[in-house]
Amino acid sequence: MKDAKPQTVYLNDYQAPEYLVDRTELTFDLDPQSTLVKSHLKIRRNPVAADSGGRSLPPLWLDGVDLELLSIAEDGELLPAQRYQEEPGGLSLTVTKPEFELEIQTRIAPESNTSLEGLYLSNGMYCTQCEAEGFRKITFYPDRPDVMSVFTTTIVAPAKYPVLLSNGNKVDSGTTDDGRLRVTWEDPFAKPSYLFALVAGDLQYVEDSFTTSTGRAVTLQLFTEARNIGKCEHAMVSLKHAMRWDEVVYGREYDLDIFMIVAVDHFNMGAMENKGLNIFNSACVLASPETATDAAFQRIESIVAHEYFHNWSGNRVTCRDWFQLSLKEGFTVFRDAEFSADMNSRAVKRIEDVTLLRTAQFAEDAGPMSHPVRPDSYMEISNFYTLTIYEKGAEIVRMIHTILGADAFRRGSDLYFQRHDGCAVTCEDFVVAMEDANGADLKQFRRWYSQAGTPIIEVEDEYDAERAQYSLTLRQRTPATPGQEEKLPLHIPVAIGLLGADGKALVLDKFGSTDTVLHLTEESQTFTFQDIDERPLPSLLRGFSAPVKLRYGYTGEQLQFLMQHDADAFNRWDACQRLALNTLSSLQGQYRAGETLDTPSALIDGFSVLLQNSELDPALVAKMLALPSAQELAEQGDEIDAAAIVAARDFARQSIAVALKPLFLARYQALDQRKPYRPTADDIARRGLKNTCLAYLCMTQDQDALALARTQFERDENMTDVSAALAAMVEYGPKDAAEQTLESFYRQWQQDTQVVETWFGLQSSSAGFGTLDRVRELMAHPAFEMKNPNKVRAVVGGFAMRNFNQFHHEDGSGYEFLADQVIALDKLNPQIASRLVTPLTRWKKYRKHEAGQIHSALKRISDSGELSADLYEMVSKSLA
Ligand code: 0A1
Ligand code: ZN
């Protein structure tokens, strides 16, 4: 049976399920090529849908894809063929009574499942991924999130799989007559099929325990292959922090007696929140100082927390349908971001999130796949695990938090959890709970959920010295997006402050506040402040209080002033970014006009002050010293000129590196303390700035600078320092030496999957080193695996998404290469193919020449034969 042809699903067509499943009992008899799945379902007519008024009962639809149906019985009797019909995408059954039990037997082949949805094998271990619609690859079932059932799962497997796991609590285990192992799990919480999980393998685990706020002991277990058992500690510590934080900040306690995490090498996404049995991409859970960078440590902390937080925001209260995906994802990203901010530097966490949003989400929102946070339609739901749903969705929740205040927000979340516990609900239900708990009105605010595109706010100000009045006029507009020509004004919270000439914060009202939130609700609004005795400098959109592009005509001097004096750390960084963006944009203009490029003096001056300021958080300084990425520059302008972006950026970095070399060196030496590795915020900040200095030093290509990198590499103290030194040597050092160093690094780490991924990524994303030829060599390397998404992301993704220089080679070879890989991958893993095609979908924004090249690469994909629904949706929408 083939997948159904790509069809568009509409939010407006939503209908409650005709039938509910009260109990689901599953038995798996595991075999790589012939796994038998028996399911026993207790089914009943949904009273909410039951308005047939005496007419016959509607048919029961069970989703099913790539399944071999062996038998189907109703209340103990085999069903005759005329009672059911196999159709593309599932099974339709004639129903004769309002309550009945079904027993269905199917056969599946986990070993042949390269899509990594449903039940599959990773390094010989069985695992599942069911969100969003993977359960239908396991058995026939109403695979939709508003059908919630209690699950019992029995797993039978040969003795070489001693660890057999599923959701809930283990209730039975034993051996079958023929010597195989048998374990039964029972999950008392009703859940949709997308939260089902099963794992079987030869795994080791580490165990810990957590005592909840009401004194219940919860067993915590982290499973991995034996070789990785030494890499579990950080995730376990992070998990315990997250459990405590959710009790303190949201009043949420864990509900089962056991919480398990399993690390797998083959995984399409970061991790999955299956009830009581989270499954993680190894790269997002395993870490040791020798093998993982600081960035990896922090990513692990946040993803472990994210999945744990889903236990309430996602599992106890779930989504009615997939249009509501941001209900759980936006809220949970907001929760994990606040958790990480509490554990580390708040400003730095915010800067990282905003950078992602501005670089990638803004680009998505301006491209052919632009969609509202609650989409109106989709062809393939897997394509909608997007930055818009996750990151912009989190910004919406953050704005509610800003508008209502922390206490009111907590009252709202309490009401939401209490009112909807055990239910499948909508984004609207979330907003209503926030309103009801506080008597608030979020009517206009709701438009954020339905309107796509990034709003632009233009700001003008006026100072009246005689009246001591200062006014800010804000105008908002949102550009048209596919299918949404007309946009309405949004309710936008704009946090601001005003600075006096001495850099001090001015008082804004009679209560003595020095910051405030302006509620922009009209197309244009003026806000006036009284008793302002001098012309102030505004600090606008503090903390990035709304996901918008804000424009105000700051001069270079004003930006330098904000960099030094703004009380809002985020806006100090943002002032620096604006300065860099202005500089880089004029350099691009000069490059295009064939002029000599001006030395970026304002940036050099600003950076010089920063490097000498030892009071500022080093992590913040490192963020300020980092110029906007090529991707971010591409997002900024109206038309992307890849060569101009690369030239402007390289020139600016070189000029800064040369001009400030002594300062970079002094700072590098001061920060290069040889301490045992700890992933604390302070130490991470110190290493971050140190390695930023090292990169600038090496940009000069001076021998002494490159020697510093070599020494740091050879000291081999931790992966953060080693990989930073290696990257600098590869990017700026002589090629032969880089080759040798890469080779010896590989020899040292070839047994370690995560380090090999770092090694791949470092080369493919290197502007100088990662040529297309090199990328092809990496794909031919024995450690490369086309069936492993992490490897594909490291090599092909590193090249197409993080190597602006080589990917946009003027001969168009980068685009053709990507098209080839996408076509090949679509046969193995449609989700990965569909994600990788993203850089090609933005073709319209490039100059005519590149646009033509990218368009023809896309067209070739489109004409290459039958595409998966995933890839078809991306390609057809991009060509439309
Ligand atoms: N819900 C998970 C992410 C996830 C989504 C889809 C997947 O397969 C298509 C897998 C994982 C999360 O937000 O962490
Ligand atoms: Zn999530």
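**Domain arrangement, ligand shell and a helix pair**

The protein chain is divided into domain 1 (9-309), domain 2 (323-548) and domain 3 (552-659), with bounds that come from an automatic or database domain assignment. The model is predicted, and local features need pLDDT of at least 70, side-chain atom pairs count only at pLDDT 80 or more, and totals for chains, interfaces and linings use all residues. Residues are numbered from 1 along each chain as its sequence is written, while chains are lettered from A and ligands numbered from 1 in the order in which they are written.

The C-alpha centres of domain 1 and domain 2 lie 35 Å apart. Their contact (C-beta atoms, placed from the backbone, within 7 Å) takes 22 residues from domain 1 and 20 residues from domain 2. On the side of domain 1 that touches domain 2, α2 gives the most, with six residues; helices (H or I, at least four residues) and strands (E, at least two) are DSSP runs, numbered from the N terminus.

Around ligand 1 there are 15 residues, of which Glu131, Met269, Met272, Ser382 and Tyr385 come nearest, a residue being near if its C-beta atom, placed from the backbone, lies within 6 Å of the molecule. Two or more residues of this shell are given by each of β20 (271-272) and α2 (294-309), and at least three residues are drawn from each of domain 1 and domain 2.

Helix α16 (residues 681-699) and helix α18 (residues 719-732) pack at an angle of about 15°, with their axes 9 Å apart; axes are lines fitted to C-alpha atoms, for helices over the stretch in contact, and angles run from 0 to 180 degrees between N-to-C directions. That angle makes α16 roughly parallel to α18, a term for angles under 35 degrees.

Note on methods: Angles under 35 degrees count as roughly parallel, over 145 as roughly antiparallel, 65 to 115 as roughly perpendicular and the rest as oblique. Two residues are in contact if their C-beta atoms, placed from the backbone, lie within 7 Å.
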